Amino acid sequence: MLYNKIKTLYPQITDKDFDTVITLQNNSDGKGDYIKVWNHPTLPRPTDEELA
Amino acid sequence: MASIITATVASGLTQSADNSGVLQLASGTGNLVTVPSVTGTAMVSGNMPAFSAYLGSNQSVSSGVNTKVQCNTEEFDTASAYDSATNYRFTPLVAGYYQFNWQLSCRNSTNISRISCVLYKNGSGFKNGADIFNTNSTIGYKVTGSALVYANGTTDYFEFFGQVQTTAGTNEFTAGSGADSYFQGYLARTA
């Protein structure tokens, strides 16, 4: 799962971050989960390879 | 005084006019309606959109992801403005102020740490519903939201998203035979 992959990649990320600077989304259109918003002040947005 | 248009059984349609600038409509005797001197669209039941749709079967979702709730079963949709087949969105074609209500029910096989529900407008979160944190239970929990919001009557659309956060296990938005997770809206007044 995307949420768990990100938490594994960046263990320092908190649930609060997912409520404030990171938004994961699924539009129920068959395309799956994706990062809609990544505004974390210090951590770079994960690449597709890192999330694969 | 007023100019009055009256419909009666005895006389059919009659009218009386004066120069007051006030218009009244009468049906029979003593049932007067004064047409207000405002600019707007007269609303009757036929042109006031209202819909109610619910999640027809349990929806599996990922933890920590805002997921559109697939309210795919309509109870009513007076203006055919709700898409229950593909996008699960409400696109009213009458500009005005709409009241929305939504409820999300979730469950997981392990402990749930958070449940939330959000009304989206034009693809982005717009009004947050209730959150529950640290539920420490596997049973179903419900969160609700309601909001009065403006729609332009052309392009604005509304969707219902929910999120459940857990550390493991399978997450589901639950249907509950239509009573658990649902999305409703109606025109409260025109613009």
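Tutor: B:Arg114 forms a salt bridge with A:Asp19, and the closest N and O atoms of this pair are 2.9 Å apart. The model is a predicted one, in which local features need pLDDT of at least 70 and side-chain atom pairs count only at pLDDT 80 or more, while totals for chains, interfaces and linings use all residues. Side-chain values use heavy atoms, with hydrogens and water left out.

Student: Why is the pair of B:Arg114 and A:Asp19 called a salt bridge?

Tutor: The term requires a side-chain nitrogen of Lys or Arg within 4 Å of a carboxyl oxygen of Asp or Glu. Here an Arg faces an Asp with N and O atoms 2.9 Å apart, so the pair meets the rule. Across the interface of chain A and chain B, the rule finds one salt bridge.

Student: Which residues does the contact take from each chain, and what area do the chains bury?

Tutor: Contact, meaning heavy atoms within 4.5 Å, takes in 14 residues from chain A and 19 residues from chain B. Between them the two chains bury about 1,300 Å², 42% of it on carbon and sulfur atoms, where buried area is the accessible area (1.4 Å probe) lost when two parts are put together, summed over both. On the side of chain A, the residues that lose the most area to chain B are A:Met1, A:Tyr3 and A:Ser28, which together account for 36% of what that side buries.

Student: What makes β1(A) and β7(B) a pair of strands?

Tutor: Strands are DSSP runs of E with at least two residues, numbered from the N terminus, and two of them pair if DSSP finds at least two bridges between them. β1(A) and β7(B), residues 66-68 of chain B, have two bridges in the parallel sense, so they pair by this rule. A:Asn26 has B:Thr67 as its bridge partner in β7(B).

Student: Which strands pair with β17(B) inside chain B?

Tutor: One of them is β5(B), residues 50-54, which runs antiparallel to β17(B), residues 182-190, over five bridges, and there B:Phe51 has B:Gly185 as its bridge partner. Another is β11(B), residues 96-108, joined to β17(B) by eight bridges, also antiparallel.

Terms used. Residues are numbered from 1 along each chain as its sequence is written. Chains are lettered from A and ligands numbered from 1 in the order in which they are written. Helices (H or I, at least four residues) and strands (E, at least two) are DSSP runs, numbered from the N terminus.
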